[in-house]
Amino acid sequence: ENVGMFDMTSFGKIRVDGNDSAELLQLLCGTDIVNMAIGSIKYTHFLNSRGGIEADLTVTRLQKCSFLLITPADTIRRNLAWIQTHTPHHAHVTAIDVTSSEAVLCVMGPNSRELLQSVSNADFSNEAFPFGTAQQIEIGMALVRAHRVTYVGELGWEIYVSTDMAAYVFEVLHSAGTDSGMRLCGMHALDTLRLEKAYRHFGHDITDEDHILDAGLGFTLKLGKKPSRFGETLGFHAVKQRKTANNQVEKRLLQFKLQDPNPQLYHNEPILRDGEIVGHLALEATDIISELQLG
């Protein structure tokens, strides 16, 4: 209903740079990286040879040969190792963990545009700042990079700021938000909001054992994209085989909301259909509006 701010500095941040950076990510990512415009952001995945999900991330094209990968905090080393393991020895590219170099303050909610407009001279309108793009802007006296993406299902921006200016930018945003009733929000709020939108979380909802089609994430794939000069995108062969065999889904990740407000879900509860166990809950949360249990 208003606006909230989340501290998401824990996001993993991996810089991929070099003349072959786009071609390497074209090999690793399910989406089309080569044709990304500078300043654009894509939601994508790394796949293994079975079509399983090895990484759940966003890719931002900072410059022609420079990309920023945003990953969950607990998969930084895993994702970096996957990149390094699958980088051809003759590729002109580097991949570096730069997580500690930037803080991330997420300004989210229907009034996030008004709040940011009050502390910056940038244009945050849909026309000037469309979804899935990143721009360098000023907040107060600080130079930051704003990404228009969301993990809570509302209008909002992720503000990436150098760690030495993070406290200052926080104070500017917090001061500006005081009059408008901005709330400081924590990780439980974020987890509940993303679950309400059925946004996936690697490690709970999806793992490397889950085929990307079964996880309901096939929309992120660009199977007809131009192959990397290093070969076909990893995992595409398995995905295409599944589609060719007309057996696209072996299991399906679904969202549940209990109608009875009394039971309390915890984790790993069995899901029964006609008296038979057909699955288990991966995660639970309480719907903030209805106060019913989600899974």
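**Entry 1**

The model is predicted, so I note the limits: local features need pLDDT of at least 70, side-chain atom pairs count only at pLDDT 80 or more, and totals for chains, interfaces and linings use all residues. Residues are numbered from 1 along each chain as its sequence is written, and side-chain values use heavy atoms, with hydrogens and water left out.

I then checked how E8 and E9 (residues 142-147) are joined: there are six bridges, and the two strands run antiparallel. Strands here are DSSP runs (E, at least two residues) and helices are DSSP runs too (H or I, at least four residues), numbered from the N terminus. Two strands pair if DSSP finds at least two bridges between them.

I wrote down the order of the open sheet of six strands as E8-E9-E10-E7-E1-E11, with mixed pairing. Its edge strands are E8 (134-139) and E11 (183-185), each pairing on one side only. From one strand to the next the twist averages 30°. Angles run from 0 to 180 degrees between N-to-C directions, with axes as lines fitted to C-alpha atoms, for helices over the stretch in contact.

Which helix packs on this sheet? Helix H4 (residues 166-178) does, touching E1 (4-7), E7 (102-108), E8, E9, E10 (156-162) and E11. The direction of H4 makes about 15° with that of E7. Contact means heavy atoms within 4.5 Å.

**Entry 2: the five-stranded sheet**

I found an open sheet of five strands in the order E3-E4-E5-E2-E6, with antiparallel pairing. E3 and E6 (94-97) stand at the edges with a single partner strand each, so one side of each has no neighbour in the sheet. Neighbouring strands of this sheet are turned by 30° against each other on average, direction ignored.

I looked at E3 and E4, which are joined by seven bridges and run antiparallel. Phe46 stands opposite Ala55 in E4. Helix H2 (residues 76-85) lies across E2 (12-17), E3, E4, E5 and E6, and runs at about 170° to E6.

**Entry 3: a hairpin**

I checked E12 and E13, which form a hairpin with two residues between them. Four bridges join these antiparallel strands, and Leu272 stands opposite Ile277 in E13. In the turn, Asp274 has a positive phi of about 55°.

**Entry 4: pockets**

I looked up the largest pocket and noted a volume of about 1,100 Å³. The search uses a 1 Å grid over the protein atoms alone: a pocket is an open set of points with protein on both sides within 12 Å along at least five of seven lines, a cavity is a set where a 1.4 Å probe fits but cannot get out, and lining residues have an atom within 4 Å of a point. Grid points are joined across faces, edges and corners, and a volume is the space filled by probe spheres set on the points.

The largest pocket is lined by 38 residues; Tyr43, Asp56, Thr150, Tyr151 and Arg200 lie nearest its centre. E3 (41-47), E4 (53-63), E5 (66-71) and helix H5 (187-196) each supply at least two residues of this lining. The largest share, five residues, comes from H5. I sorted the lining by class and got 19 nonpolar, twelve polar and seven charged residues. Ala, Val, Leu, Ile, Met, Phe, Trp, Tyr, Cys and Pro count as nonpolar, Asp, Glu, Lys and Arg as charged, and the others, Gly among them, as polar.

The second largest pocket has a volume of about 750 Å³. I found 29 lining residues, of which Arg252, Leu253, Leu254, His280 and Ala282 lie nearest the centre. H5, E12 (270-273) and E13 (276-280) are the elements that give two or more residues to this lining.

**Entry 5: the cavity**

How many cavities of 30 Å³ or more does a search of the whole structure find? I noted one, with about 50 Å³ of space in the largest cavity. Among the residues that line the largest cavity are Phe6, Cys106, Thr150, Tyr151 and Leu190.

**Entry 6: aromatic rings**

I searched the whole structure and found four aromatic pairs. Phe124 and Trp157 have ring centres 5.3 Å apart and planes at 85°, so this pair is edge-to-face. Rings of Phe, Tyr and Trp (its six-membered ring) pair if their centres lie within 6.5 Å; planes under 30 degrees apart count as stacked, over 60 as edge-to-face and the rest as tilted. Phe124 is in the loop between H3 (112-119) and E8, Trp157 is in E10, and the two are 33 residues apart.
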